[in-house]
2 protein chains.
Amino acid sequence: MPNATIRDVAREAQVSVASVSRALNGHERVRPELRARVQEVAARLGYVPHAGARSLSLARTSAIGVVLPDLHGEFYSELLRGMDREVAARRLALLLTVLQDGRGLNTLAALRGQVDGLVVMAPQLGAAELRAQLPVGLPAVFLNCVPGLAGAALRVDNAAGAAAMVNHLVAAGARAIAHVAGPAGNVDAEERRAGAIAAADRAGVALTVIQGDFSEASGAAAGAQVARGTIQADALFAANDAMAIGALVALKGHGIAVPGQVRVAGFDDIPLARLVTPALTTMRVDIAALGARAVQLLARRIVAPAEGLVEVGPADAEAIVPRLVVRDTTTETDRETQS
Amino acid sequence: MPNATIRDVAREAQVSVASVSRALNGHERVRPELRARVQEVAARLGYVPHAGARSLSLARTSAIGVVLPDLHGEFYSELLRGMDREVAARRLALLLTVLQDGRGLNTLAALRGQVDGLVVMAPQLGAAELRAQLPVGLPAVFLNCVPGLAGAALRVDNAAGAAAMVNHLVAAGARAIAHVAGPAGNVDAEERRAGAIAAADRAGVALTVIQGDFSEASGAAAGAQVARGTIQADALFAANDAMAIGALVALKGHGIAVPGQVRVAGFDDIPLARLVTPALTTMRVDIAALGARAVQLLARRIVAPAEGLVEVGPADAEAIVPRLVVRDTTTETDRETQS
DNA sequence: TTGTTACGTGTAAACGGTTACATCGACGGC
DNA sequence: GCCGTCGATGTAACCGTTTACACGTAACAA
C-alpha cells in the first residue's frame, strides 16, 4: 500500500495524467470544474507528488545544500534560523552537511543532483581544496571563505570590525592591547588579527598577539598570562566571545578588576556575552541576516543561472559589517561587582 | 554541458548502462577489469549519479527529515550535531524543516518522497494536530512529544530528573521548595512539575509551584517573590536554567545569600549555568546523545519497516535520563562572593 | 558431440512525474 | 456548409537510474 501516484489520481478522477499534473500545478488551460475535481480526488487519496520524479523531469530539486564546519554553539543555530526564514518563503528545503576532517571529500560531490545550489562555509579550507571538492556547475554562495572562488562571496568584514574595536578600546583609555587570535589558517581569525594590528598601528598603541584557538580554554590561558603580567596589557581583545569569556573568568579569578585594570572585548556577540558579569563588550555580527542574505543571493543565482548581468557582479562580493556593542567590560560606569 | 549521465559513461567505456550501474554499485558479478575501466571513465567524466533518478528506482532517498520548532540557542546546534554524527556514518543527509505557527501545515506532507523517515520534535503540538499533518506510512521518531503517536518515542526523562533534583535539594538541607514551572501545555514543563511534586511528597517536604514561562524574566519574578517572603522557601528549583538564572539574579539583588539562605537549581545545563556566580546546580541533558539516538532508532525502523519484532517494542519508548550536576548554588562549600 | 551449468553482459521495463504534440469539438466568418 | 482557429484534453516520449530477464560464451560431464 504505497503512496498514491499521479496515475491513481488520474484513474480515480477519470482524466489523464497530464490533466492532473496541469490542474495541480496551476496551469491556465484547465477547466475550473475539472481542476476542482482533481484537487478533491488528490486530497482524498492523500496524493503528494514524488520529489524524486519531479526533480528528474524538472531538473530542479527545490532544495539547497548547506555545508558547514563542525557544529558548535549558537552561531549555527542563528545561521540556520536566518537561512530557514528565506528558504521557507521560497518553498525550498535545506539539506545540511557537516564538513569535518576526513569525511566530506566526496560528500560534497554527492550533493550534485540532490540540491539546486550550495551555501558553503568553510573557513578552514583553502581555495584549492574547496574547488577540488565542489561539484562543478552548481551555483554556490561562499560564506567567509578565501576569496577568488567561482560563486558569490559573502563575508563578515572582520578587519573593519576588529579595527573598530581597537579604536573603541583606545578611546576607552587602553594603551597596550593583547589580542587573543583564533587558530592559524582560519580566515576569520586571520582577518581579525590583521585588522586589529593595523588599527593599533594607526592609533599608535602597542599590540601583542597571543595565539588562541577560539576555545574558552585558550582564552582563559591568555587571560592568565595577562593577569600574571607575563604579557603587559591594559586591554584584552579576543577574536571571539568564547575566548573573551574564558579570559574574563581567568582575570577575575586572579583578582584583576575588569574593566578597572584590564578592559576586555570579544567578537560575535553571542547571547552569552550580555549575561556574563560584567557584561561583555563585543562586535555584533547579525548572523541570521548573514544566513538569510546567503539564501537570497543563491536563489537569485538559481533563477538566473548563466545570467551575464553587470548588476550581479558587484553584489556578488558583499560584506556584512559588524556593529560595536559597548557593555561593561570596557566602560567604567555601571560597575557593581568590583572589589 | 550538463552533468554526465550513466549513458555517457557507458558509451565512453563501451559497455552497457547496466554494467556501469553494477560496476559502480559494487555488485559481484562484474569482471574486475571491466569494473576498473568503468571507474576510470566515471572519474574522468566526473560522473555522479542523479539522486532523484536513484530515489525513483530504489524508492529510497537516503535522507531523513528533521522537524524542529523555531530554532533558538545551542540546544538545536547540539541536537543537530548529535544527529549529524550518526547520519554521516550511515551516508544519509539531513533535511531540515522548521515548524512554526501558520506555515508547516502542508510543509510536513511535502516531505513525503523527499525523505525516508522523520525525526519530529514538537513539544507545542498536540497528538491530534501532529497526526493530521504527518505523512502516513513514513517511519518517524518523536522527540519529547505527547505520548501515543505511531512511531518510536524518545524523550528526556523529565520526571526522574526533577525528582533527582528535589532529592538533592532535600539532602542539601532544604525543607520548603519553590518550584518555578514552565508554560502550561508544554510537555517538558508539565513532566518536570509532576516529578518535582511527587518527589517532594515522598520526601515529606513542602513544595509550592510558581507559574513561569521558561523566560529569564519570569524566573526573576519568582525569585523576587521568594526574596520578599511572599512565598516561604529555602530552595528554589526552576524548570529550566534561564528561569533559575533570572531567579538567582533577583535573589542576589534582594540581598539574599545563595546558597546560604536559599538554594537555587535549574534544568538543562546550558553553557551559561557554569558561568554565573555562584555557578548553577542543574540537571544536564546530553542533547547530542538524544539526537544521535533518534537517528539510530529511525535508521533501524527504515531498514526494517514493517518488522514485527517484539524486541522493537520496548526499545521504542526510550528515555534519556538527565544527570545531576552539583555546583555552587546548592552547596555551602566553595563560596567566595557572598556578602 | 551434446547437454548442463555458471558466469558475464546486454536489453528493456519499470519508477513517477512533466510537457510537446496530436486530437477533438465548438464556434464564428465566409 | 466549409474551413480556420482556439481552447481543453489525451497520448506518449523523456528525465537518469536500477534490475529482472534474456542471451551468448566457456567449461565441464556424460
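Which element gives the most to the surface near DNA strand D? Select α4(B): this helix gives five residues, the most. Helices (H or I, at least four residues) and strands (E, at least two) are DSSP runs, numbered from the N terminus.

This is a predicted model: local features need pLDDT of at least 70, side-chain atom pairs need pLDDT 80 or more, and totals for chains, interfaces and linings use all residues. Residues are numbered from 1 along each chain as its sequence is written, chains are lettered from A and ligands numbered from 1 in the order written, and side-chain values use heavy atoms, without hydrogens and water.

**Stop 1: DNA strand D.** Select Ser57(B). An N or O atom in its side chain is 2.3 Å from a base oxygen of DNA strand D. Then go to Ser16(A), where a polar backbone atom is 2.8 Å from a phosphate oxygen of DNA strand D.

**Stop 2: chains A and B.** Show both chains. They bury about 3600 Å² between them, 54% of it on carbon and sulfur atoms. Buried area is the accessible area (1.4 Å probe) that two parts lose on being put together, summed over both.

**Stop 3: the salt bridge.** Select Arg274(B) and Glu216(A). They form a salt bridge, with the closest N and O atoms 3.0 Å apart. The term means a side-chain nitrogen of Lys or Arg within 4 Å of a carboxyl oxygen of Asp or Glu.

**Stop 4: the strands.** Select β2(A) and β2(B), residues 93–99 of chain B. Three bridges join these antiparallel strands; pairing takes at least two DSSP bridges. Leu96(A) stands opposite Leu94(B).

Methods:
A polar contact is a pair of N or O atoms within 3.5 Å; within protein, one must be able to donate a hydrogen and the other to accept it, and residues adjacent in sequence count only if both atoms are side-chain atoms.
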